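Here is a short note for a colleague who is opening this structure for the first time. The points below may be followed with the sequence and the 3D view side by side.

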Amino acid sequence: MAIQEDNLFKNVISHSKEYGFIFPSSEIYDGLSAVYDYGQNGAELKNNIKEYWWKFMTLLHDNIVGIDAAIFMHPTTWKASGHVDAFNDPMVDNKDSKKRYRADVLVEDAIAKMEEKIQKEVDKAAKRFGDSFDSEMFIKTNPRVLEYSQKIANANARLKESMGNGDMAGMKKLMEDLEITDPVSGTKNWTDVRQFNLMFSTEMGSIAEEANKIYLRPETAQGIFVNFLNVQKTGRMKLPFGIAQIGKAFRNEIVARQFIFRMREFEQMEMQFFVKPGEEMKWYEFWKEKRMKWHKALDLGDENYRYHDHLNLAHYANAACDIQFNFPMGFKELEGIHSRTDFDLKSHEKYSGKKLQYFDTEDNESYIPYVVETSVGLDRMFLSILSKAYTEEKLPDGSERVVLKIPVPLAPVKVAILPLVKKDGLPEKAMEIMNELKYDLRCFYEEKDAIGKRYRRQDAIGTPYCVTVDHQTLTDDTVTIRDRDSMKQERVKISDVKSQLIAACSINNILRKIEQ
Ligand code: ATP
């Protein structure tokens, strides 16, 4: 059943609340804007995504190790990283709707609209000319398309310049020239554009003084940079090598209206790959490709991923791209891959006065390595999986079901153990099986309600397998295993159940696909 995109997003949000995946934070006090809690099923799914990432990074690459750095860091860290001075977003309000926006996002949306218009012209012409249509030639010569392309190039260049120079007046002028209107009020009645720093701060110790001001980290990466030499020396690491980390990050986002897509407290899975200067572009391409393979191995549909090169490079990068995912609200950033040069280590050297160099025994020289970073939002991964897994199905008997087709190894519960009826010794037999499986697989036991209802409840949380114990089980030691997606049932000997399910649920099934 095709679901309207708008409805899909709403349905995913309400489903995830109803089935214990995600709750608004401190909901009894009406929640806290852009902060969410993961419920019993959400926490399991999240842990499984982490495991998938962590194993890929640290098990499949013998030159990558993982760390777990603190959220609080010495305040000078954020001076050195550039975040105190440059981690700003341009903020603008519409005076009529009183809504607040990021000016750069409004401009990017306007550019995307022009790109859509070009595509429409191309589609129209393709229809008109049929087989003989040469789209490349059309784009190069059609006057209307040329006009749009010119406008897009101009807007991109001005956006880059304003962002680079922190020129907020230029940003406002660009918004005016592009005739950007507020999607809510429909007017162009904007305030001036102002810079807004996204870092949260608090005080350390008992005296509230400016000197005690510390920040909640806005990215996990700096915990890796400041530990670069610790890890390199104690792990006797040789270039190229990587340090991976999963952890919380905090940003006081200006606009936070997209569920767990943009949160003020979120989790990142980041890896900094240290390389010899001059080799960074090779590794940048390497990690672009590897990370895309990691995503696609989840089988959520290859057409739902694409690269998006950055035109406005962050203050630390010499090349950067996003892996975008087709979320319910369209293609948006899921992961960033950045070539960060030696910006961070060099700056930490300067601010700390400590050498952060690598001694290359082959070349017999010391230097600051370059860094290629991969940074993926755990919550955005969660949303990508949940939104593609969510399926409303009409069944042959006319009934409907909602099923979460979560990749099997990531499902919160792997096996539901269900005695067909709550008597005749079936619950005892079912418990016996559960006690055998529970060491290896997350199981769920339930004996209440008709079996069909229980299957539906498991479909709704994405449980891939239901093991049903019936009267036949007592005579021939077999059970049925029901498959979530096909709903087919297969009779299996109890002695084979464990090995069969462990094999089907192993995360290695996905990991192996990446290497193929
Ligand atoms: P955006 O352009 O969407 O604000 P960003 O480019 O600032 O994102 P990065 O600094 O590259 O993001 O962070 C790396 C990853 O962290 C992103 O690809 C995203 O998955 C995740 N992330 C960043 N900000 C948030 C947030 N507010 N909520 C959830 N995840 C986030």
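1. Helices (H or I, at least four residues) and strands (E, at least two) are DSSP runs, numbered from the N terminus. In that numbering, His15 is found in helix 1, which covers residues 5-18. A residue is called buried under 20% relative accessible area, exposed over 50%, and partly exposed in between, with a 1.4 Å probe and protein chains only. His15 counts as buried because its relative accessibility is 6%. Between His15 and Met137 there are 47 Å in space, C-alpha to C-alpha, and the two are 122 residues apart in sequence.

2. A word on the basis of these values. This is a predicted model, in which local features need pLDDT of at least 70 and side-chain atom pairs count only at pLDDT 80 or more, while totals for chains, interfaces and linings use all residues. Residues are numbered from 1 along each chain as its sequence is written, and side-chain values use heavy atoms, with hydrogens and water left out.

3. On the overall picture, the protein chain has 18 helices and 23 strands. Its C-alpha atoms fill a box of roughly 80 × 65 × 55 Å, taken along the principal axes. Of the 516 residues in the protein chain, 50% are buried.

4. Which residues place polar atoms by the oxygen atoms of the ligand? A polar side-chain atom of Arg102 lies 3.4 Å from a ligand oxygen atom, and a polar side-chain atom of Arg380 lies 3.1 Å from a ligand oxygen atom. With Gly377 it is a polar backbone atom that is 2.9 Å from an oxygen atom of the ligand. Taken alone the ligand exposes 600 Å², of which the protein buries 88%; these accessible areas come from the Shrake-Rupley method with a 1.4 Å probe, and for residues only the protein chains shown count as cover.

5. Strand 4 (residues 88-93) is mostly covered, with 5 of its 6 residues buried. Two strands pair if DSSP finds at least two bridges between them. Strand 4 runs antiparallel to strand 6 (residues 194-197), with 4 bridges joining them, and Asn88 stands opposite Asn197 there. Strand 4 is also joined to strand 5 (residues 100-102) by 3 bridges, again antiparallel, and Asp93 has Arg100 as its bridge partner. Strand 4 and strand 5 form a hairpin with 6 residues between them, and Lys98 in the turn has a positive phi of about 65 degrees.

6. Lastly, aromatic rings of Phe, Tyr and Trp (its six-membered ring) pair if their centres lie within 6.5 Å; planes under 30 degrees apart count as stacked, over 60 as edge-to-face and the rest as tilted. The count comes to 20 aromatic pairs. Tyr36 and Phe259 have ring centres 5.2 Å apart and planes at 80 degrees, so they are edge-to-face. This pair links distant parts of the chain, 223 residues apart, with Tyr36 in strand 2 (residues 36-38) and Phe259 in the loop between strand 9 (241-250) and strand 10. Tyr36 is partly exposed at 23%, whereas Phe259 is buried at 7% relative accessible area.

Methods
A polar contact is a pair of N or O atoms within 3.5 Å; within protein, one must be able to donate a hydrogen and the other to accept it, and residues adjacent in sequence count only if both atoms are side-chain atoms.
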